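Subject: Structure for your review

Dear colleague,

Please find below the structure that I am handing over to you. My notes on what was found in it follow.

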Amino acid sequence: MGALHLVTGGARSGKSRFAERLAAAEAERGRPVLYVATMEPGDEELAARVARHRAERPAGWRTIEAPLHPAAALGEAPDEACVLLDCASLWVSNLLLAELGVGEPAPAQIASAVAAAIERHVDAALDELLAAVASRPGPTIAVSNEVGGGVVPPSALGRLYRDLLGGANQRLSAAAERAWLLVAGRALELPPPHER
């Protein structure tokens, strides 16, 4: 069973760079690296950002774009590979928006039954992802944003996303062998959960 490592933190905290250093250390040990990307570049700025990130990755790393189904991408990884999933926060956003069928503008209200159904869908997708991670012999590094430290989002969609991601991060952290919180480019290793 491969180990799961979680790297979390706020926007621009250095979490992706730290996770890439972890993956690079695995590559130095002879493991191939599979980068599973969840970003859907919806505008020119995001497309440029994605292109820049791709160019910065080592040439030997393979990339799979998996905005909705990263568990399937894990199934394509060689057994010994290190998988870097970047990032769970975008993945949860993609799942939420796909379930709502949201374009612009976002809905002002979300019925509690709809929110509950979306939460069940995200939980099922997390079950699938965690099962894929557990079935692999190689390590998996998951990156996710920590979004609960700021003000309460003013929109129903923002609050639902915050809650879904908070729950997803808790589940990822509970399953992780090691976890780090990145603050201002510095990694703080989190203690292991008391109960698994």
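The chain has a radius of gyration of 16 Å, which agrees with the value near 16 Å that a compact globule of 196 residues would have. The radius is taken over C-alpha atoms, and the globule rule is 2.2 Å times the number of residues to the power 0.38. Along its principal axes, the C-alpha trace spans about 50 × 45 × 35 Å.

Please note that this is a predicted model, in which local features need pLDDT of at least 70 and side-chain atom pairs count only at pLDDT 80 or more, whereas totals for chains, interfaces and linings use all residues. Residues are numbered from 1 along each chain as its sequence is written, and side-chain values use heavy atoms, with hydrogens and water left out.

Fold and surface

The chain contains six helices and seven strands; helices (H or I, at least four residues) and strands (E, at least two) are DSSP runs, numbered from the N terminus. Their order along the sequence is β-α-β-α-β-α-β-α-α-β-α-β-β. Among contacts (heavy atoms within 4.5 Å) with a separation of 6 or more, 78% join residues 24 or more positions apart.

Of the 196 residues, 40% are buried, where buried means under 20% relative accessible area, exposed over 50%, and partly exposed in between (1.4 Å probe, protein chains only). The chain exposes about 10500 Å², and carbon and sulfur atoms supply 54% of that area.

Cysteines

How many disulfides does the rule count? The count comes to zero, a disulfide being a pair of cysteine sulfur atoms within 2.5 Å. For Cys 82, the closest cysteine sulfur is that of Cys 87, and the 16 Å between them is too far for a bond. Cys 87 is likewise in no disulfide. Cys 82 counts as buried because its relative accessibility is 0%, and Cys 87 counts as buried because its value is 6%.

Glu 65

Glu 65 is located in strand β3 (residues 62–65). With a relative accessible area of 36%, Glu 65 is partly exposed. Leaving aside neighbours within four places in sequence, Glu 65 is in contact with Ala 37, Met 39 and Arg 54. Glu 65 and Tyr 35 are 30 residues apart in sequence, and their C-alpha atoms are 8.4 Å apart in space.

With kind regards

Conventions
Accessible areas come from the Shrake-Rupley method with a 1.4 Å probe; for residues, only the protein chains shown count as cover.
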